[in-house]
Amino acid sequence: MPNSNQFTYRRSSWWKRNQQRLTPWIFLFPGLLLFLVYVIWPIFNSLYISLLQWDGLSPAIYVGISNYIELLDDEYFYISLMNNLKWLIFFMLAVPIGLGLAIFLNQTIFGIRLIKSLFFFPFVISQVVIGIIFSWFYNPRGVIGPFLDKIGLSNYAILADENFATYGIIFAGIYPQIAYCMILYLTGLNNLNTDQIEAGRMDGAKGLSLFKNIILPQLKPATFLAIVVTVIGSLRSFDMVAIMTQGGPYGSSNVLAYYMFETALSEYGYRMGYGSAIAAVLFTIMMFYILFFIYRMYQSEKKGL
Amino acid sequence: MVIVGGIKMRKILAILIAVTSLGYSSAFAGTLVINTDLTDPAPKAAFEWAFKKFQEENPDVTIEVNNFDHEGYKQAIRNFLTTSPPDVFNWYAGNRMLPFVRAGLVEDVSDIWSDSGWVDGNLTEGMSHAKKPMTIGGKQWGIPYTYYQWGVYYRKDLFTMNGISVPTTWDEFVAACATLKEAGITPITIGSKYLWTTAGVFDYLNLRTNGYEFHMALTKGEIPYTDPRVHAVFDKWDELVKPGYFLENHASLAWQEAIAPMVNGEAAMYVMGNFSVALFKEGGLSDSNLGFFQFPEITSGLPMAEEAPTDTMHIASGAKNKIDAKRFLIFLSRADVQEEMNKTLGQLPVNSGSKVNRDPFLEAGLEMLNNAYAMAQFYDRDAPAEMASEGMKGFQEYMVNPDRRDKILERLEKVRQRVYK
């Protein structure tokens with residue numbers, strides 16, 4: 001009897017001793033499992049596929065790194081990479097414009113809520129719809145046609161211009177992104193510490209210096225978040241490109257994500273290996289950014305921010 | 001415990017029964033599973049009629065149709081052929097079916113074509129002229145049920161107004177373009193956003209300059225894109241592109257959007273397939289001001305081949321009911337069935353015993369194709385997908401920047417060496 005008592009006592013004590021450590025893992029388990037199956041495994045699987053020559057039907061042939069070697073000599077790949085860079089740079093404009101709009105709208109007058117929600121509206125519309133509407137705008141027979149005529153650009157179709165098609169798409173893409181940044185800043189502005197502003201005013205800060213030294217530092221979390229979502233938004237520029245130009249004219253507005261889709265999964269594609277190689281490059285670029293982001297998060301957590 | 005176990009057992013049994021009966025029902029002789037992407041109104045109606053008629057004639061067969069949307073089908077076909085093959089599915093002739101045939105996913109139906117062992121089949125008589133695009137490696141892999149012609153659709157009234165008669169030679173064609181341009185009318189409209197329209201122009205220039213055999217050899221990868229004969233095609237193309245005879249900004253327009261200038265009277269011609277007629281008429285044109293002519297001759301004396309993309313039906317190699325599937329394919333190849341279906345489709349029946357709708361465009365197309373030296377499927381169906389996509393990108397780039405011809409052809413040559421190795 002004492003023995004068996006001891007035994008049950010020990011057993012419950014092992015669980016009791018380890019309960020604190022184990023419980024989080026038990027709760028994390030379903031999520032981790034899904035993460036492994038749907039995120040981690042596909043990453044390694046597509047890295048593996050990038051070493052194959054495979055059309056999805058016939059048996060795959062192992063070709064080593066020759067897909068990557070081909071990438072180095074692929075004009076369209078460099079065009080797509082450059083376009084990704086353009087997206088990254090010009091998409092950033094959404095952050096200051098969003099900030100400007102937020103400050104402009106941060107007033108207490110009658111009906112401001114309605115106006116704020118109207119400004120937020122672009123973010124509510126689906127990207128696909130925005131893409132279609134903007135390609136109608138850009139059509140020389142469309143809305144802006146008559147204005148272009150007046151400035152001597154009659155019959156100019158930006159989406160058919162190999163040098164400017166990308167900017168046309170970015171402009172359409174930035175439209176909802178500004179609304180997103182604006183709403184982030186508006187919430188930030190709501191939480192401003194009024195004491196600090198008062199104190200700043202007493203010390204003689206006003207206008208730009210007040211904004212720069214008192215308000216902007218307080219908006220730092222909002223800025224950080226706005227930059228993060230904008231970078232992510234620019235890297236997933238796939239849908240806009242797919243809707244507005246399909247990478248055209250002749251691949252000049254392609255981005256890596258769409259180029260990957262085009263080679264691996266579109267009607268004329270099914271080069272799974274090559275598409276995966278493009279995906280691997282895109283993944284590497286994103287990885288740099290994600291690591292930087294995690295590092296920053298870790299640093300600010302340490303500081304207790 | 002016993003009760004719980006009992007419930008569990010019963011559940012498992014029920015599932016087992018459901019699964020096996022499901023398996024049986026699809027394996028049951030007399031059920032014909034057909035996968036299609038024919039969701040547009042006309043094809044849908046045509047096939048509904050055909051399914052009904054087939055069932056009337058074969059009361060022992062039950063038809064089960066799985067309809068996919070058109071774009072999704074191109075992806076879905078790869079999955080369903082490998083994982084759960086239907087008995088019958090629709091696809092396209094030429095190189096488009098090659099990957100599936102090569103992967104062993106399509107059933108050889110040569111016996112239907114030679115009418116051996118089939119009482120009700122009669123393909124040797126009415127369909128033999130369409131055998132070639134269905135043949136890979138000396139065997140036939142499906143049957144065609146409809147096709148349509150390509151050519152030049154034009155505004156009759158604009159031609160008369162400017163004193164132009166239908167051109168039959170290249171010089172007349174270029175002269176007509178010049179006259180139209182001078183009159184402030186865009187001679188040829190085109191929307192190249194989705195690229196394939198450019199291939200229609202290239203194919204015709206190539207078929208007329210170098211002939212059908214050259215077209216087939218080029219799309220089979222036997223001829224370098226830097227070949228002087230390819231350059232000769234682009235020389236002809238230059239005569240249209242360099243003076244600006246094509247619609248401006250075509251790279252930003254879908255083929256349907258490029259119809260608008262012609263409906264508005266701002267453009268006069270469109271190198272297109274017959275499916276565009278419906279859209280022209282929707283836009284307000286009628287038989288009195290919309291006309292059709294054969295793409296004019298370039299190299300004189302060269303036999304005229306035409307573009308006639310063909311839609312086809314195939315049997316999956318993993319089909320469970322191959323007997324009824326073959327009966328269905330034979331049924332679809334019959335003259336009376338093709339006649340009735342193509343009346344609804346507004347296209348041309350492949351079986352030469354079928355009559356065609358009283359429609360000026362179909363009649364013109366039928367006459368042209370009956371006299372055609374040979375029929376090409378279209379650049380993107382004759383050439384493998386990878387080559388086609390790069391090729392059409394190149395054609396579009398050329399049409400915008402004709403000076404880049406050499407660079408483009410060199411790039412295409414690089415692609416050719418990779419694709420066909």
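Q: Which residues does A:Tyr185 touch, not counting residues up to four places away in sequence?
A: This is a predicted model, where local features need pLDDT of at least 70, side-chain atom pairs count only at pLDDT 80 or more, and totals for chains, interfaces and linings use all residues. Residues are numbered from 1 along each chain as its sequence is written, with chains lettered from A and ligands numbered from 1 in the order in which they are written. Two residues are in contact if their C-beta atoms, placed from the backbone, lie within 7 Å. For A:Tyr185 the partners are A:Gly98, A:Leu99, A:Ala102, A:Leu219, A:Ala222 and A:Ala226.

Q: Where do the buried residues of helix 3 of chain A lie, seen down its axis?
A: Helices are DSSP runs (H or I, at least four residues), numbered from the N terminus. Buried means 20 or more other C-beta atoms within 10 Å of a residue's own, placed from the backbone, and exposed means 12 or fewer. The buried residues of helix 3 include A:Tyr76, A:Asn83 and A:Trp87. Taking directions from the helix axis to the C-beta atoms, the buried residues of helix 3 of chain A fall within an arc of 160 degrees, so they line one face of the helix.

Q: Which exposed residues does the face of helix 3 of chain A turned away from its buried side carry?
A: The buried side is covered by elements including helix 8 (165-190) and helix 14 (272-303) of chain A. The face turned away carries A:Glu75, A:Tyr78 and A:Ile89.

Q: How many residues does the contact take from chain A and from chain B?
A: Both chains contribute to the contact. The numbers are 20 residues from chain A and 21 residues from chain B.

Definitions and conventions. Helices (H or I, at least four residues) and strands (E, at least two) are DSSP runs, numbered from the N terminus.
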